Amino acid sequence: MNVSDLGISGPKGQPLPRPPFLKRFFDSVLISVAIYAIIVGLIAYGSFVGAQSMGYNWQWYRVPQFLYRNTEIGFEWGQIPIGLVATIKLSVISFLLATAIGLLIALLRLSGLVIGSAVAVGFLELIRNIPLLVLLYLFYYVLGPIFGFDRYTASILTLAVFHSALISEIFRAGINAVHTGQWEAAKSIGMSPFQAYRYIILPQSVRFMLPPMTGEVVHLIKSSAIVSVIAVAELTTFGRNIISDTYMSFEIWFTIALVYLVVTLILSIGVSHLEKKYAVDQQN
Amino acid sequence: MNQATPMIEVTNLDKYYGAFHALKDIDLTVHQGEKVVICGPSGSGKSTLIRCFNGLEWHNSGRLVIDGIEVYDGAKEIRELRQEVGMVFQQFNLFPHLTVLENLTIGPMKVRRISKAQAEETARKYLERVHIPEQADKYPSQLSGGQQQRVAIARSLCMETRIMLFDEPTSALDPEMINEVLDVMVELADTGMTMVVVTHEMGFARKVADTMVFMEAGRIVEISPPEQFFTNPSSERCRLFLDQILAH
């Protein structure tokens, strides 16, 4: 589709000049889809040819048993969906904890108390400048034995603490984006700082925070894969286990990647619908 | 005017922003039911002064007593005080995520712990008072500036305030909407509310004010009744200011 099809006209009712042929050609839906398909096809073909040349034995027919099985006792889920559920559970718990810590850190930073913002900034700089993997090792090999928690708790804490630093920045930006007049209006009807946050400021920050927060959830789901290095049961760990049993690394890693992609895409699409709803609800 | 009960008593008040001396040695008394209009060039400290009256700004020295409560930074009673003292802002500052009715009921419900039904009844009464009962279920962004400012006035009234502060309530409005807001303020004045109004609307001031205050560079230069203020101001600076804003 191009502009002249929409019946939009230029100044003084003159039709807009038609865009050059090459632009119209590349803008059309059919050509875009074709180009996209060709690129994807080339990548797939490239990996296929590469695998052929190294004598890789494709065994896609063995993959479905890891998705689901129909046995004599009936239908049962395979390891990949079970791993996915574990990943989602891990991510949800970590995200809730990360949000709570992140909100606390953001409020400390915005409290105006020197000690509060010092603690918050210290925490932020510390967490943001340690690699996630090292943080995981710290929690699992150092703090775990000291405080006596297991690998699952260690991985939840690692993900929560790491992402709380990023989430606190999202909260801070979202809260600062609300006009100061809103604070003054809330104060002037006698609200406490807590009431002002709860009823006036945070509800308005939501629409500023929704897009970066979605990005953060996607980021968290992806980084949850790292806990496979301490063998916590989740999607990536299960993938590794399957491969060590079957040696089908190409098929399984492609499948695992696709599962992550589907989950995060569904999430992004869902939230963009939510965003539109918010935008309609409070148009200003 | 009831001279018996002072509602706002300001004595030797000073306020600094860093090194900037924003308010200099302010003395002012506002009695119950009195209408005070404060005017002066921009940057003279008018807004800062009335923002001190409900603790949005804190003075650095001197005394400020409002309705018998001493106001200072960290005062425990400040939240009770703010429920007594309503504030109407230049930029309305309505809560954009709440409907008009919710804007009016959230304060009484959350701060005064009044039931929803009772808060809504009060809210509708005051929406009637500001002549927009039919807008109750709209969002602020769906209203005109004048309507929004009247909602803001009603929001303060819903807290059953005893003093109303107005910080240039008509300065952000399109000219054709100024009168609908001023009319509501005149009606409010007739109910005997204690009002302190920062404004350049001299027609309103003539009609309503018991006392005129002229400020310049952080000082109160003149306090006088409107008859004297408009016809024979004692200070030269005030005369010049009036000439400028009344010239056209």
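Visitor: What does the domain assignment of chain A give?
Guide: Domain 1 (26-75) and domain 2 (77-283). These bounds come from an automatic or database domain assignment. This is a predicted model: local features need pLDDT of at least 70, side-chain atom pairs count only at pLDDT 80 or more, and totals for chains, interfaces and linings use all residues. Residues are numbered from 1 along each chain as its sequence is written, chains are lettered from A and ligands numbered from 1 in the order written, and side-chain values use heavy atoms, without hydrogens and water.

Visitor: How many residues are in contact between domain 1 and domain 2 of chain A?
Guide: 15 residues of domain 1 of chain A touch 15 residues of domain 2 of chain A. Contact means heavy atoms within 4.5 Å.

Visitor: And what area do the two domains of chain A bury between them?
Guide: About 1,300 Å², with 71% of it on carbon and sulfur atoms. Buried area is the accessible area (1.4 Å probe) that two parts lose on being put together, summed over both.

Visitor: Which residues of domain 1 of chain A lose the most area there?
Guide: A:Y56, A:F66 and A:L67, together 44% of what that side buries.

Visitor: Over to chain B. What's the strand order in the open sheet?
Guide: β6-β7-β8-β3-β9-β10 of chain B, with mixed pairing. Strands (E, at least two residues) and helices (H or I, at least four) are DSSP runs, numbered from the N terminus. Two strands pair if DSSP finds at least two bridges between them.

Visitor: Is β9(B) mostly covered or mostly uncovered?
Guide: Mostly covered: five of its six residues, 211-216, are buried. Buried means under 20% relative accessible area, exposed over 50%, partly exposed in between (1.4 Å probe, protein chains only).

Visitor: How does β9(B) pair with β3(B)?
Guide: In the parallel sense, over four bridges. B:I38 stands opposite B:V213.

Visitor: And with β10(B)?
Guide: β9(B) and β10(B) run antiparallel, joined by five bridges. Two residues lie between the strands of this hairpin, where B:A217 takes a positive phi near 50 degrees.
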